[in-house]
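Biologist: Please take a close look at one part of this model and describe its surroundings.

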Amino acid sequence: MTEKGIHTDFRESMTYGEYLNLDKVLSSQERLSGHHDEMLFIIIHQVSELWMKLILHELETAIESIQQDELPEAFKMLARVSKVQSQIIQAWDVLATLTPAEYMEFRNSLGRASGFQSYQNRLIEFALGYKQPQIITIYEKDPQLSKTLEKAYHAPGIYDVAIQALARASFPINPKLLERDFSVTYTGDPTVADAWLTVYRDVDQYWDLYQLAEKLVDIEDSHQQWRFRHMKTVERIIGFKKGTGGSSGVNYLKSVLDHRFFPELWNIRTEI
């Protein structure tokens, strides 16, 4: 029985489907091979890209908030990023239901297309401070996209603005870090290590900076879990074959597992 008051006449009103553009969203799963399991492969990657769009939306505004010393506002956004990360980590469990034999039925349909080329994943890495110059050339086919990536490549990442926040809080940060070339991946600095150590040893005085540090650790921890599940899912489905995009596949994914976005925040755990 229909409840009283529920709207049923939408001749002059916007519907749920129209608001979400569901006709476009749900018609964009085009299987090139016609194989049943290609639908799983497409949807998992599309859903992950949507979650990545939200991660970037939150990270970009969090960076702006930190630059304006609005740390509590940034905390809300960074906490949301962590929750979204849990969703894309679990997505690998669904993709892992695809067996090697099933994937080989449609793998050739991908051509050279590969998740390695995900520009949103690259933008997330840039926002976290991981910059690799050779990556930019992948996107030269699309001038507007290439311009977006170039801008993000040279912009400060979230750890850069966190270091700037330390400097504004009167910590003696190496001045060169504050005006450095942000296209170079950050590797660490003793003045930053000393500042974070002080923060962790006097949590009450530096509560907001302490909270910022822990939010960053949450995000890096989850990102590394995502990378690990990615690597194991690829190994489970294709073993040590090369990726469709030409990467070494599992070996490449293993090589990035040891990279740290925020090195001092991990190293101080041994020193406290």
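Modeller: Helices are DSSP runs of H or I with at least four residues, strands are E runs of at least two, and both are numbered from the N terminus. Arginine 227 lies in helix H11 (residues 207-238). The model is predicted, with local features needing pLDDT of at least 70 and side-chain atom pairs pLDDT 80 or more, while totals for chains, interfaces and linings use all residues. Residues are numbered from 1 along each chain as its sequence is written, and side-chain values use heavy atoms, without hydrogens and water.

Arginine 227 counts as buried because its relative accessibility is 4% (buried is under 20% relative accessible area, exposed over 50%, partly exposed in between; 1.4 Å probe, protein chains only). Its side chain makes a polar contact of 3.4 Å with that of glutamate 125. A polar contact is a pair of N or O atoms within 3.5 Å; within protein, one must be able to donate a hydrogen and the other to accept it, and residues adjacent in sequence count only if both atoms are side-chain atoms. Beyond four places in sequence, arginine 227 is in contact (heavy atoms within 4.5 Å) with Glu125, Tyr130, Val256, Leu257, His259 and Phe261.

Next comes helix H6 (residues 119-128). Among its residues, Gln120, Asn121, Leu123, Ile124, Ala127 and Leu128 meet Glu49, Met52, Lys53, Ile55, Leu56, Leu59 and Ile63 in H3. Leu59 is also among the residues that touch the most other members of the largest nonpolar core, which has 74 residues. Such a core is a set of buried Ala, Val, Leu, Ile, Met, Phe, Trp, Tyr and Cys residues joined through side-chain atoms within 4.5 Å.

Methods. Axes fitted to C-alpha atoms, helices over the stretch in contact; angles between N-to-C directions.
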